Amino acid sequence: LLVAPQWPVHARGVFLRGARISGHFDLASTVLRCPLILKDCYFDSEQPVVLDCATLPLLKLVGCRLAGLTAAMLVVTKGLDLTRSTFTGEVMLSGANITGSFSCIGAKIIGTDSSGNALFADGIRIGGDLFLKDGFTAEGAVRLLGANIVGDLNCRSARITGTDTSGNALAADRVRVGGDVFLDEGFTAAGAVRLPSADIAGNITCRSAKITGTDGSGWALCLDRIRASDVFLDDRFTAAGAIRMQGAEIAGQLNCRTAHINGAGTDGNALVADEVRVGGAVFLDEGFTAAGAVRLWAARVEGALYLRDATFA
């Protein structure tokens, strides 16, 4: 039905609900002529579903259980939906090209690769939003190096409970986001969150987020050389280690009001923002606390610098 032209198939594609699928599901390097929609299905193979270099209009694995998914260089012309699915192995999507949105709402990735990554999506291209939210859980790191996301990167209330071998929970170096980045409303990470050299058209919002681990150098959040509109690390944002944002360019405000930086790097610094450029105000006030030094060497702040009721320990 998916690949053989002699079998008639409806334009809506192949839709299975509650099916048990036995054997290794391998469609690598195939062109699927119609959408594939699987809901509440169970793959009993101990090997991951393989879609490397495959091309298809639409893929939905909703509420399914499978050993893992390997889909490097996958091409999906309408969208990829892994909502509420459980993966006992890693999900590999490096170099994938998804014209629409990519949803992992409520998904659980239990397995990891040899480097500790649960979701490996270096160089992925997403024509809409990337949803890793509303109960999304990864027991290893989420890796998005060089990803290009036309819409939002939405990780609201996500839980990343594991790290890679370098101590990173979210590694998104050089990511390009056409909308906003949401790491808020209950977002938790067991290791460092990295977005160095990220180009964000909208805001980076980490309100009330909790980063409970660090990398080997004691850094919990790395925003070096980012470009963004506003950066919100407020509403009792908590980091177990230091924050770096050297050379960052923030068009609007940098808001760390009521934030708690509970650790410092190996050099004793809790917040390093050398040569940062902020077009608005910087808020380090109303209960802001830092367990180490705060550095703003050669910083350029167009607005005010607020330090009321701050504690530098």
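Me: Is D234 buried or exposed?

Reply: Buried means under 20% relative accessible area, exposed means over 50%, and partly exposed lies in between (1.4 Å probe, protein chains only). D234 has 8% relative accessibility, so D234 counts as buried. This is a predicted model, in which local features need pLDDT of at least 70, side-chain atom pairs count only at pLDDT 80 or more, and totals for chains, interfaces and linings use all residues. Residues are numbered from 1 along each chain as its sequence is written, and side-chain values use heavy atoms, with hydrogens and water left out.

Me: Which residue forms a salt bridge with D234?

Reply: Side chains of opposite charge can pair when their charged atoms come close. The rule for a salt bridge is a side-chain nitrogen of Lys or Arg within 4 Å of a carboxyl oxygen of Asp or Glu. D234 pairs with R207, and their closest N and O atoms are 3.1 Å apart. D234 lies in the loop between strand 33 (231-232) and strand 34 (238-239), and R207 in the loop between strand 29 (204-205) and strand 30 (210-211), so the pair ties together parts that are 27 residues apart in sequence. Strands (E, at least two residues) are DSSP runs, numbered from the N terminus. R207 is partly exposed, with a relative accessible area of 33%.

Me: What else does R207 lie over?

Reply: A charge sits over a ring if NZ of Lys or CZ of Arg is within 6 Å of the ring centre and within 35 degrees of the ring normal. R207 lies over the face of F232, at 4.1 Å from the ring centre. R156 lies over the face of F182, also at 4.1 Å from the ring centre. R156 is also linked with D184 and E185 in a network of salt bridges.

Me: How many aromatic pairs are there?

Reply: A pair of aromatic rings is described by the distance of the centres and the angle of the planes. Rings of Phe, Tyr and Trp (its six-membered ring) pair if their centres lie within 6.5 Å; planes under 30 degrees apart count as stacked, over 60 as edge-to-face and the rest as tilted. The whole structure has 3 aromatic pairs. One of them is the stacked pair of F283 and Y306, 4.9 Å centre to centre with 5 degrees between the planes. F283 counts as buried at 13% relative accessibility, whereas Y306 counts as partly exposed at 27%.

Methods
Helix = DSSP H or I, 4+ residues; strand = E, 2+ residues; numbered from the N terminus.
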